[in-house]
Amino acid sequence: MEITVFFLDEKVNSVIHGFIPSERANHYMPSLKAGSIVKVGRFEVARCSSMYKIIDHPFLIRFISPTIIDEVITGAPEIHLQS
C-alpha cells in the first residue's frame with residue numbers, strides 16, 4: 001500500500017498529488033511529521049492518469065530511491081488554510 005502526500009506549490013497556488021511506494025515508506029516516514037514543511041528533491045514527475053486522479057493537476061510526484069527530504073526550519077512560506 002502506497003502512502004499519499006500532497007505538495008503545495010505556493011508560487012502558483014496549486015496542490016500536486018504525490019505518493020511514496022510501500023517499499024520506501026519506512027525510509028521516508030521519519031522525515032514526514034504532521035504540520036511540518038519539507039523540501040523534497042530528486043523525485044520523479046509523471047502525468048496523472050485520469051483513472052487515479054484525486055486532485056485537479058495534470059502531474060503527480062513519485063518518491064524514488066534517490067529522493068531526499070529536508071525539513072524547512074527558516075524561510076518557510078506562510079500557509080493560510082481555508083475552512
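Strands here are DSSP runs of E, at least two residues each, numbered from the N terminus. The model they are drawn from is predicted. Its protein chain has an average pLDDT of 83. A score of at least 70 is reached by 88% of the residues. Within the chain, confidence is highest in β4, at 92. Confidence is lowest in β1, where the mean is 84.

Start with the sheet. Four strands form it, and it is open. Their order is β1-β2-β5-β4, and the pairing is mixed. β1 (3–9) and β4 (44–47) take the edges. Each has a single partner strand, so one side of each lacks a neighbour in the sheet. From one strand to the next, the twist averages 35°. In general, strands of a sheet pair through backbone hydrogen bonds, and they do so either parallel or antiparallel.

Now follow β1 into its partner. β1 and β2 (residues 14–20) run antiparallel and are joined by 7 bridges. Across this pairing, Val 5 stands opposite Gly 18 of β2. The two strands form a hairpin, with 4 residues between them. Asn 13 sits in the turn and has a positive phi of about 50°.

Most residues other than glycine have a negative phi. Where does Arg 42 lie? It is found in the loop between β3 (38–41) and β4. Is Arg 42 buried or exposed? Its relative accessibility is 57%, and the cut-off for exposed is over 50%, so Arg 42 counts as exposed.

Phe 6, Leu 8, Val 15 and Ile 54 make a nonpolar patch of about 360 Å². How exposed is Leu 8? Its relative accessible area is 41%, which lies between the limits of 20% and 50%, so Leu 8 is partly exposed.

Definitions and conventions
Residues numbered from 1 in each chain as written. Predicted model: local features only at pLDDT ≥ 70, side-chain atom pairs only at ≥ 80, totals over all residues. Heavy atoms only, no water. Pairing = 2+ DSSP bridges. Axes fitted to C-alpha atoms, helices over the stretch in contact; angles between N-to-C directions. Buried < 20%, exposed > 50% of the residue type's maximum accessible area, 1.4 Å probe, protein only. Patch = residues over 30% accessible without salt bridge, like charges linked within 9 Å, V, L, I, M, F, W, Y side chains within 5 Å. Areas by Shrake-Rupley, 256 points an atom, 1.4 Å probe, with all protein chains shown as cover. Salt bridge = Lys/Arg side-chain N within 4 Å of Asp/Glu carboxyl O. pLDDT = per-residue confidence, 0-100.
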